[in-house]
Amino acid sequence: MSESRPASPESEERVTQFLRALRELPTILFRLDRNGTFVESTGRGLERLGLAEGAAVGRDAFEMYPQAGDFLRRALDGESVRFESEGQDGGRAWWFDTVVLPDPRGDGAFGLSIDISERRRAESR
């Protein structure tokens, strides 16, 4: 059995830089507790949904995004899932490609959503 070691300062810095870069892309990083409540929600992709940073924290993901409910439930039950969702904010359509993975500690799930709205609009032209 291997012993867990604290991350090195260099490793922590790389993770910080990686997360900073992701936050500049049209993405949303999120984490759900085991009941499907947002405990984290960050990224520029939130703008497309008309949300501010952290605005979803404390809210029920199943109520906010009922179209994704089956996928979220599967992730919370331990399955890795990928799906596309669509909706509207202020009359403007949006599309997201989302991957949700179960938390390895069994404490919910985490995900990454990528705003693919511009690509979808270009495909429909």
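Predicted model: local features only at pLDDT ≥ 70, side-chain atom pairs only at ≥ 80, totals over all residues.
## Surface and overall build

Residues are numbered from 1 along each chain as its sequence is written, and side-chain values use heavy atoms, with hydrogens and water left out.

Along the principal axes, the C-alpha atoms fill a box of roughly 55 × 30 × 25 Å. The protein has 4 helices and 5 strands, and they come in the pattern α-β-β-α-α-β-β-β-α along the sequence. Helices (H or I, at least four residues) and strands (E, at least two) are DSSP runs, numbered from the N terminus.

## What is tucked away

Of the protein's 125 residues, 34% count as buried. Buried means under 20% relative accessible area, exposed means over 50%, and partly exposed is in between (1.4 Å probe, protein chains only).

Take T27, which is found in strand β1 (residues 27-32). T27 has 4% relative accessibility, so it counts as buried. Leaving out residues up to four places away in sequence, T27 touches several others, including L22, T42, R44, L46, L112 and I114. A contact here means heavy atoms within 4.5 Å. Across the protein, among contacts between residues at least 6 apart in sequence, 37% join residues at least 24 apart.

## A cluster of rings

How many aromatic pairs does a search of the whole structure find? The search turns up 4. Rings of Phe, Tyr and Trp (its six-membered ring) pair if their centres lie within 6.5 Å; planes under 30 degrees apart count as stacked, over 60 as edge-to-face and the rest as tilted. For F30 and F38, the ring centres are 5.9 Å apart and the planes sit at 70°, so this pair is edge-to-face.

F38 also pairs edge-to-face with Y65, at 6.4 Å centre to centre and 85° between the planes. This pair links distant parts of the chain: F38 lies in strand β2 (residues 38-42), while Y65 lies in the loop between α2 (61-64) and α3 (69-76), 27 residues apart. Together, ring pairs link F30, F38 and Y65 into a cluster.
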